[in-house]
Amino acid sequence: MSALGRFESFVENLVEGSVARLFRSPIQPSEIAKRLERAMESQQMVSVRRVIVPNSYTAHLHPQDFAAFQPIRAEMEREMATYLADLAQERGFTMLEHPHVRLIQDPDVPKRSIQIVAETTSSSAQPTASDHTQVITPGPQQPAAQPRARLMLGAASSRQAIPLESTMLTIGRGLNNDIILEDTRVSRNHAQLRYRARRFWVSDIGSTNGTFVNGETIDERALNDGDVISLGGLELTFREA
């Protein structure tokens with residue numbers, strides 16, 4: 001039985017009283033599972049020997065939606081973690097530790113919405129430095145989900161697109177970043193991208209080799225389509241639409 005099949009069987013076998021309450025909620029367990037899956041797929045770190053995916057997931061729900069899951073929260077969190085572990089195994093992905101899933105209530109999340117925060121965490125593992133860029137995240141996106149803004153890495157003939165799908169993203173070598181670039185020129189925590197006033201802004205966050213836009217060193221700068229960001233010498237081109 002597939003990972004999804006096992007998860008669906010778990011939902012079907014929940015205690016009847018809990019199910020009656022749960023299915024009055026506009027958010028179903030399968031919807032959360034699919035969002036967790038998308039978060040795992042979109043935040044791949046592709047290295048020479050393996051593809052690392054996040055192992056820590058937090059699902060943010062509006063308090064009214066969260067209330068429907070409260071009676072079976074612990075069971076749901078355990079089963080969703082098992083689902084992600086099985087899914088990663090089926091697809092040949094690596095998790096640095098056994099996955100952990102949390103469901104939390106968040107009044108800033110609209111009703112009937114799900115917001116997933118996925119992170120790669122480990123108490124011991126660190127990316128191995130090399131003389132070239134080796135790790136990029138997130139992974140490939142479906143054409144229908146083409147982001148409005150993205151960073152382009154590499155030569156014109158073999159560029160890789162890094163979609164910008166959040167209003168705040170950190171860039172660096174460390175596994176705690178949203179965009180991980182395993183390159184010796186890039187600091188562990190190098191730069192930050194923020195979306196405000198309908199524009200993306202890039203700022204340096206105390207890097208060793210500096211952050212540049214179109215050859216000029218910056219502390220913070222608003223980005224325009226085609227701008228070239230240099231992280232200590234590693235160049236990424238900012239693209240919109």
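## Basis

In this predicted model, local features need pLDDT of at least 70 and side-chain atom pairs count only at pLDDT 80 or more, while totals for chains, interfaces and linings use all residues. Residues are numbered from 1 along each chain as its sequence is written, and side-chain values use heavy atoms, with hydrogens and water left out.

Helices (H or I, at least four residues) and strands (E, at least two) are DSSP runs, numbered from the N terminus. Helix 3 has 14 residues. From first C-alpha to last it reaches 20 Å, close to the 20 Å expected at 1.5 Å a residue. The expected span is 1.5 Å times one less than the number of residues in the helix. Helix 5 (residues 73-90) has 18 residues and reaches 26 Å, close to its expected 26 Å. Gly92 follows helix 5, with a positive phi near 75°.

Buried means under 20% relative accessible area, exposed over 50%, and partly exposed in between (1.4 Å probe, protein chains only). Helix 3 buries Pro29, Ile32, Ala33, Leu36, Glu37, Ala39, Met40 and Ser42. In helix 5 the buried residues are Met76, Glu77, Met80, Ala81, Tyr83, Leu84, Asp86, Leu87 and Ala88. An α-helix has 3.6 residues a turn, so residues three or four places apart point the same way.

## Nonpolar cores

A nonpolar core is a set of buried Ala, Val, Leu, Ile, Met, Phe, Trp, Tyr and Cys residues joined through side-chain atoms within 4.5 Å. The largest has 28 residues. Ile32, Leu36, Met40, Tyr57, Leu84 and Leu103 touch the most other members. Two or more residues each come from helix 3 (29-42), strand 3 (56-61), helix 4 (63-69), helix 5, strand 4 (100-105) and strand 5 (114-119). Helix 5 gives the most, with seven residues.

Ile32 is in contact (heavy atoms within 4.5 Å) with Ile27, Ala59, Leu61, Phe69, Met80, Leu103 and Ile114, leaving aside neighbours within four places in sequence. Another core, of 22 residues, lies apart from the largest one. Its members include Leu169, Leu223, Ile229 and Leu234.

Five strands form an open sheet in the order 9-8-10-11-14, with mixed pairing. Two strands pair if DSSP finds at least two bridges between them. Strand 9 (179-180) and strand 14 (220-222) are the edge strands, each pairing on one side only.

Strand 8 (residues 168-172) pairs with strand 10 (residues 191-196) in the antiparallel sense over four bridges. There, Thr170 stands opposite Gln192. Strand 10 also pairs antiparallel with strand 11, over six bridges, and Gln192 stands opposite Ser203 in strand 11. Strands 10 and 11 form a hairpin with two residues between them. Ala197 in its turn has a positive phi of about 55°. Strand 11 (residues 199-204) and strand 14 pair antiparallel over three bridges. Trp201 stands opposite Ala222 in strand 14.

## Positive phi in two loops

Arg112 sits in the loop between strand 4 and strand 5. Its phi is near 65°, a positive value in a residue other than glycine. Arg112 counts as exposed because its relative accessibility is 65%.

Asn214 lies in the loop between strand 12 (211-213) and strand 13 (216-217). Its phi is positive, about 55°, although Asn214 is not a glycine. With a relative accessible area of 45%, Asn214 is partly exposed.
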